[in-house]
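Let's take a walk through a protein together, going from the whole chain down to a few of its side chains.

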Amino acid sequence: MMAGMTNFFGILLQMCLFLLHVNLPASSALRIDESGYIVYCPCMGRFGNQAEQFLGSLSFAKSINRTFVIPPWVEYKPYVEGSLRVSYDTYFQVEPLKQFHRVITMEQFMEKLAPKIWPPSQRISFCYMSRASEGSNCNAKEGNPFGPFWDHFNVDFVGSEFHNPLSFDITSGETKLWKQRYPASKYPVLAFVGAPGPFPATESSLGVQRFIRWSDKIEAKAEKFIKSKIPERPFIGIHLRNGVDWRSACSHVKETPQMFASAQCTGYHNENGLLTEEVCYPSDSTVVKQVKNEVKRLNAKTVFVATDDRDLIKEMSKVMKKVKFVRAYPSDPHLDLAILSKADHYIGNCVSTFSAFAKRYRDTLGKTSSFWAFKYHSDKKNTEL
Ligand SMILES: *[C@@H]1O[C@H](CO)[C@@H](O)[C@H](O)[C@H]1NC(C)=O
């Protein structure tokens with residue numbers, strides 16, 4: 001009897017699905033959004049920086065209620081001229097973003113919607129103010145990665161629009177002004193020369209990280225690596241940012257209370273502690289000592305190292321003879337980040353936006369993180385404040 005019922009409902013369900021299928025036109029999934037779209041080139045920096053601005057850009061699209069067109073990531077390869085574009089879903093899932101706001105990938109947008117709502121004769125680029133040395137123009141395609149990005153989608157611009165004094169600060173109450181000045185009926189697509197989100201990310205947009213989830217492919221790759229290379233847990237993940245470019249960047253710490261992602265440890269008002277050069281570029285001995293302390297505290301068996309330059313594995317092995325140190329070869333930044341986001345504890349560079357991505361991802365999973373050489377104001381001081 002039960003089996004018969006189940007079968008009956010199964011057939012009924014299948015019939016419904018069949019009817020739905022034939023009744024829905026294939027394009028229904030891509031209804032045109034009358035509230036308009038936001039398109040942009042993530043033209044500033046590498047993954048860490050692009051991810052910071054992704055948070056704010058998606059928040060901005062939500063605040064002015066336009067569909068967010070998810071751009072591909074812009075990547076640079078050593079010894080390869082120009083830049084590459086890697087679609088968002090190579091590394092991340094698109095579906096979870098939809099829980100936050102309406103989105104469509106740029107590839108789909110250009111193929112399915114642009115011919116209808118953004119014909120070549122209406123492609124205007126938006127920038128805050130003129131970017132031309134002579135005349136008045138956004139110069140949206142000048143230089144790398146700007147030119148190659150739009151060329152990739154066969155986009156040429158017929159004009160420029162300067163949106164100043166309107167900014168992307170969604171806390172400033174400008175949302176209404178954006179809608180008034182650029183109604184979707186007249187401007188269905190706002191195409192920005194750069195990301196319409198602040199750098200670094202502001203506190204108000206950090207919550208977006210919850211909707212940025214690794215793709216199944218990256219998840220599987222990270223799990224496979226952990227299974228084969230890190231069989232013994234707990235394991236600590238560390239990120240070392242110690243290339244020469246970083247050393248020179250860190251020399252500017254003296255001049256500023258905040259730099260790049262530093263708010264992740266100092267707090268947005270330096271309420272947690274102070275940014276120092278050592279925080280930005282910790283000495284090798286600081287790194288070794290700190291890893292040793294954490295290994296001891298957690299009884300860690302393995303340390304996974306992600307680095308842009310030196311891995312310090314030789315130095316660490318000398319003082320932690322029973323601990324296994326591993327790296328992923330060949331170097332793959334997204335695999336590194338995915339493994340770092342799964343570690344039992346993580347030590348990152350407070351100033352690095354690459355470090356910050358792993359920290360934010362871990363926060364969404366309730367996992368602990370710390371930073372090189374960062375000293376929190378004493379509890380006593382905090383209560384006095
Ligand atoms: C936001 O956009 C959606 C989709 O176009 C629309 O249905 C909705 O009414 C808009 N909301 C506001 C407050 O304008």
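Start with a word that will come up again and again: a contact means heavy atoms within 4.5 Å. Residues 24 or more positions apart account for 73% of the contacts in this chain with a separation of 6 or more.

A quick note on what you're looking at: this is a predicted model, where local features need pLDDT of at least 70 and side-chain atom pairs count only at pLDDT 80 or more, while totals for chains, interfaces and linings use all residues. Residues are numbered from 1 along each chain as its sequence is written, and side-chain values use heavy atoms, with hydrogens and water left out.

Now the overall view. Along its principal axes, the C-alpha trace spans about 80 × 65 × 50 Å. The chain's secondary structure comes to 14 helices and 13 strands; helices (H or I, at least four residues) and strands (E, at least two) are DSSP runs, numbered from the N terminus. Of the 385 residues in the chain, 49% are buried. Here buried means under 20% relative accessible area, exposed means over 50%, and partly exposed is in between (1.4 Å probe, protein chains only).

How is the chain divided into domains? The assignment gives domain 1 (28-204) and domain 2 (214-384), and such bounds come from an automatic or database domain assignment. The C-alpha centres of the two domains lie 31 Å apart. Where they touch, domain 1 brings 17 residues to the contact and domain 2 brings 14.

The size of an interface is often given as the accessible area lost when the parts come together. That's the idea of buried area: the accessible area (1.4 Å probe) that two parts lose on being put together, summed over both. Between domain 1 and domain 2 the buried area is about 1300 Å², and carbon and sulfur atoms give 61% of that. Look for Phe47, Tyr91 and Phe92: these supply 35% of the area that domain 1 buries against domain 2, more than any other three residues.

What about charges and polar atoms at this interface? The rule finds 1 salt bridge across the interface of domain 1 and domain 2, a salt bridge being a side-chain nitrogen of Lys or Arg within 4 Å of a carboxyl oxygen of Asp or Glu. There are also 6 residue pairs in polar contact across the interface of domain 1 and domain 2 (both at pLDDT 80 or more). A polar contact is a pair of N or O atoms within 3.5 Å; within protein, one must be able to donate a hydrogen and the other to accept it, and residues adjacent in sequence count only if both atoms are side-chain atoms. Helix H2 (residues 47-63) gives the most to the side of domain 1 that touches domain 2, with 6 residues. The residues of that side divide into 8 nonpolar, 5 polar and 4 charged.

Next, zoom in on Glu52, which sits in helix H2. Is Glu52 buried or exposed? Glu52 is buried, because its relative accessible area is 3%. Glu52 forms a salt bridge with Arg360, with the closest N and O atoms 3.1 Å apart. The Glu52 side chain also reaches the backbone nitrogen of Ala201 at 2.7 Å. Leaving aside neighbours within four places in sequence, the contacts of Glu52 include Pro198, Phe199, Thr353 and Ala356.

The structure holds 18 salt bridges, and Lys141, Asp151 and Asp156 are linked in a network of them. The side chains of Lys141 and Asp151 meet at 2.6 Å, N to O. Lys141 lies in the loop between strand S6 (124-127) and helix H4 (146-152) and Asp151 in helix H4, so this pair ties together parts that are 10 residues apart in sequence. Asp156 and Lys141 meet in a salt bridge too (2.6 Å, N to O). Lys141 is partly exposed at 24% relative accessible area, Asp151 is partly exposed at 44%, and Asp156 is exposed at 51%.

One last stop: Asp284 and Arg310 form a salt bridge, their closest N and O atoms 2.9 Å apart. Asp284 is in helix H10 (residues 284-298) and Arg310 in the loop between strand S10 (302-307) and helix H11 (313-319), so the pair links distant parts of the chain, 26 residues apart.

Methods: Nonpolar A, V, L, I, M, F, W, Y, C, P; charged D, E, K, R; others polar.
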